[in-house]
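Please read the following account with the sequence and the model side by side.

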Amino acid sequence: MEGAVKMWAEQLAYLDSAEQNHQGYAIFRSAISQERKNCELNKEFYENIIIVLVLAFLILTIIVMICYTKRSNKQKLEEQRWKEKLQLEISLLVCKKQALIKGSYENSVVYSKLKKIARDLIRVETKENLTLEEWEQLVKLTDAKWNGIITYLNAVYILSAEEIQICCLYLADVPVKHIGHFIRGYARSTVQLKAREILAKMGASSGSLLKDVLFSLSEELKGY
């Protein structure tokens with residue numbers, strides 16, 4: 001009986017110890033479970049924060065891009081309007097300048113004298129001609145009126161002074177049959193030969209007329 005009682009007491013003590021250990025283990029498991037839940041909640045919380053921040057950044061970026069695009073488009077539109085206005089003013093100034101140059105050319109003493117001699121030659125022979133100084137004036141006026149064509153011809157094709165004079169007379173719309181009167185009294189055939197030589201230097205196509213080539217070149221130089 002004593003042994004049985006002792007064994008029963010030991011069993012009770014063991015059971016109490018086992019129950020205590022089980023309770024401690026249950027508490028430990030509960031703590032671990034709660035900690036895991038807390039970790040999951042924290043993870044979900046931070047993930048939501050990251051998502052919100054990313055979305056906020058994307059929205060802010062889109063807003064900034066829209067504002068920048070609108071501002072850029074507005075600036076481009078203003079620049080375009082300013083350019084168009086400036087271009088219009090430049091065009092008006094160019095037109096005024098051309099009108100002044102044309103007036104200076106056509107109202108000049110040397111041009112008036114040139115046209116008078118050309119008209120006189122229709123009726124009678126005359127020995128009246130341009131002086132060296134008048135030729136220099138005519139060349140300068142022609143260069144100004146025809147968009148720097150004389151400067152271009154001298155620089156690119158290296159024409160002689162006589163060839164430049166012939167070009168000036170063609171641009172002044174002096175009839176071919178009277179051009180020779182102003183250039184050493186050349187015959188019409190000689191003037192035409194000189195014109196072909198000038199066209200050859202300019203690389204013009206066969207059959208081209210010097211007058212047409214000069215007018216075309218002047219139009220091309222207008223954009224420079």
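The largest nonpolar core of this predicted model has 38 residues, and Ile149, Leu153, Phe182 and Leu210 have the most contacts inside it. A nonpolar core here is a set of buried Ala, Val, Leu, Ile, Met, Phe, Trp, Tyr and Cys residues joined through side-chain atoms within 4.5 Å. Buried means under 20% relative accessible area, exposed means over 50%, and partly exposed lies in between (1.4 Å probe, protein chains only). Two or more residues of this core come from each of α2 (109–123), α3 (132–145), α4, α5, α6 (176–182), α7 (188–202) and α8 (210–221). The largest share, 7 residues, is given by α5. In soluble globular proteins, nonpolar side chains tend to be buried together.

As for the conventions, residues are numbered from 1 along each chain as its sequence is written, and side-chain values use heavy atoms, with hydrogens and water left out. Because the model is predicted, local features need pLDDT of at least 70 and side-chain atom pairs count only at pLDDT 80 or more, while totals for chains, interfaces and linings use all residues.

The chain has 8 helices and 0 strands, in the order α-α-α-α-α-α-α-α along the sequence. Helices (H or I, at least four residues) and strands (E, at least two) are DSSP runs, numbered from the N terminus. Of the 224 residues, 25% count as buried. Among contacts with a separation of 6 or more, 60% join residues 24 or more positions apart; contact means heavy atoms within 4.5 Å.

Two packed helices are described by the angle between their axes and the distance between the axes. The axes are lines fitted to C-alpha atoms, for helices over the stretch in contact, and angles run from 0 to 180 degrees between N-to-C directions. The axes of α3 and α4 come within 6 Å and cross at roughly 100 degrees. That makes α3 roughly perpendicular to α4, where angles of 65 to 115 degrees count as roughly perpendicular, under 35 as roughly parallel, over 145 as roughly antiparallel and the rest as oblique. Val139, Thr142 and Asp143 of α3 make the contact with Ile149, Ile150 and Thr151 of α4.

Helix α4 (residues 149–157) also packs with helix α5 (residues 161–171), at an angle of about 150 degrees and with the axes 11 Å apart. The two are therefore roughly antiparallel to each other. On the α4 side the contact involves Ile149, Ile150, Leu153 and Asn154, and on the α5 side Ile164, Cys167, Cys168 and Leu171.

Which residues does Ile149 touch, not counting residues up to four places away in sequence? They are Thr142, Asp143, Leu171, Leu214, Leu217, Ser218 and Leu221.

Ala118 lies in helix α2 and is buried, with a relative accessible area of 8%. Leaving aside neighbours within four places in sequence, Ala118 is in contact with Val174, His178 and Phe182. Ala118 and Phe182 are 64 residues apart along the chain, and their C-alpha atoms are separated by 9.3 Å.

Two loop residues remain. Ile158, in the loop between α4 and α5, has a positive phi of about 50 degrees although it is not a glycine. Ile158 is exposed, with a relative accessible area of 62%. Asp173, in the loop between α5 and α6, is not a glycine either and has a positive phi of about 65 degrees. Asp173 is partly exposed, at a relative accessible area of 43%.
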